Every structure is written in C-alpha cells, then in structure tokens.
Amino acid sequence: MPSSTASVERLFSQMNNLCTTNRNRLSQDTLTALMMLCREGCQQLSDDQTSKIVEIFKKMKERDIAL
C-alpha cells in the first residue's frame, strides 16, 4: 500500500492540464494516449504502445482551422 497519494494526485493534475475547457471533447482513448506520452515519454514506451498511440491520432478527424 502506498504511503502517499502524490503519484495519483500528479496524474489527476496532468489530466486536468490536458483536458481543459477548450479541449473538453477528447475521447477516452485520446486522453489516455496523451497521458501516456506525457507520463512515460516517447523513449520509455514500447514499439507496440507507440504504434497504438499513432493509430489513435491517425483516426482523428482533420480540422480546417488556421492557426
């Protein structure tokens, strides 16, 4: 049993940073993929995990917004 809840609180804080009022329509898969990328970093993920994340982002709808 963990002696503190700091790691869980960090994950919730990270999720709140990713899922803002401007990005409130993120799917569960997209949010999970973003959190994995932020938490683990590209170097720490296996090739299988990285390819799954890339596939999630490939399926996303293209936006016609000019930045």
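This report walks through a predicted model of a single chain, helix by helix and contact by contact.

First, the ground rules. Local features need a pLDDT of at least 70, side-chain atom pairs count only at pLDDT 80 or more, and totals for chains, interfaces and linings use all residues. Residues are numbered from 1 along each chain as its sequence is written, and side-chain values use heavy atoms, with hydrogens and water left out.

**The overall picture**

The chain has three helices and zero strands, and from the N terminus on the order is simply α-α-α. Helices here are DSSP runs of H or I with at least four residues, strands are runs of E with at least two, and both are numbered from the N terminus.

On confidence, pLDDT is the predictor's own score for each residue, from 0 to 100. The chain averages 78, and 88% of the residues score at least 70. Among the elements, α1 has the highest mean pLDDT (83) and α2 the lowest (80).

Of the 67 residues in the chain, 16% are buried. Buried means under 20% relative accessible area, exposed means over 50%, and partly exposed is in between (1.4 Å probe, protein chains only). The accessible surface comes to about 6000 Å², with 52% of it belonging to carbon and sulfur atoms. Those areas come from the Shrake-Rupley method with a 1.4 Å probe, and for residues only the protein chains shown count as cover.

As for contacts (heavy atoms within 4.5 Å), take the ones in the chain with a separation of 6 or more: 29% of them link residues 24 or more positions apart.

**Helix α2 and its partners**

Helix α2 covers residues 28–40, so to speak a 13-residue run that reaches 18 Å from its first C-alpha to its last. That is close to the 18 Å expected at 1.5 Å a residue, where the expected span is 1.5 Å times one less than the number of residues. Just after α2, Gly 41 takes a positive phi of about 80°.

Which residues of α2 are buried? They are Thr 30, Leu 31, Ala 33, Leu 34, Met 35 and Met 36. The buried residues of α2 pack against both α1 (6–18) and α3 (47–58).

Thr 30 sits in helix α2 and is buried, at a relative accessible area of 6%. Setting aside neighbours within four places in sequence, Thr 30 is in contact with Ile 56, Phe 57 and Met 60.

Seen from the other end of that pairing, Ile 56 belongs to helix α3. Not counting residues up to four places away in sequence, Ile 56 touches Asp 29, Thr 30 and Ala 33. Ile 56 and Ala 33 are 23 residues apart in sequence, and their C-alphas are 7.8 Å apart in space.

On the α1 side, Gln 14 lies in helix α1 and touches Met 35, Cys 38 and Arg 39, again leaving out residues up to four places away in sequence. Gln 14 counts as buried because its relative accessibility is 16%. Arg 10 is also in helix α1. Between Arg 10 and Arg 39 there are 29 residues of sequence separation and 9.7 Å in space, C-alpha to C-alpha.

Leu 26 is found in the loop between α1 and α2. Its contacts beyond neighbours within four places in sequence are Leu 18, Cys 19, Leu 31 and Leu 34.

**Accessibility at a glance**

| Residue | Relative accessible area | Class |
|---|---|---|
| Thr 30 | 6% | buried |
| Gln 14 | 16% | buried |
| Ile 56 | 24% | partly exposed |
| Leu 26 | 25% | partly exposed |
| Asp 48 | 47% | partly exposed |
| Lys 52 | 52% | exposed |
| Arg 10 | 55% | exposed |

**The salt bridge**

Side chains of opposite charge can pair when their charged atoms come close. The rule used here asks for a side-chain nitrogen of Lys or Arg within 4 Å of a carboxyl oxygen of Asp or Glu. How many salt bridges does that rule give? The count comes to one.

The pair is Lys 52 and Asp 48, whose side chains meet at 3.7 Å, N to O. Both residues lie in helix α3, four residues apart, about one turn of the helix. An α-helix has 3.6 residues a turn, so residues three or four places apart point the same way. Lys 52 counts as exposed, at 52% relative accessibility, while Asp 48 counts as partly exposed, at 47%.
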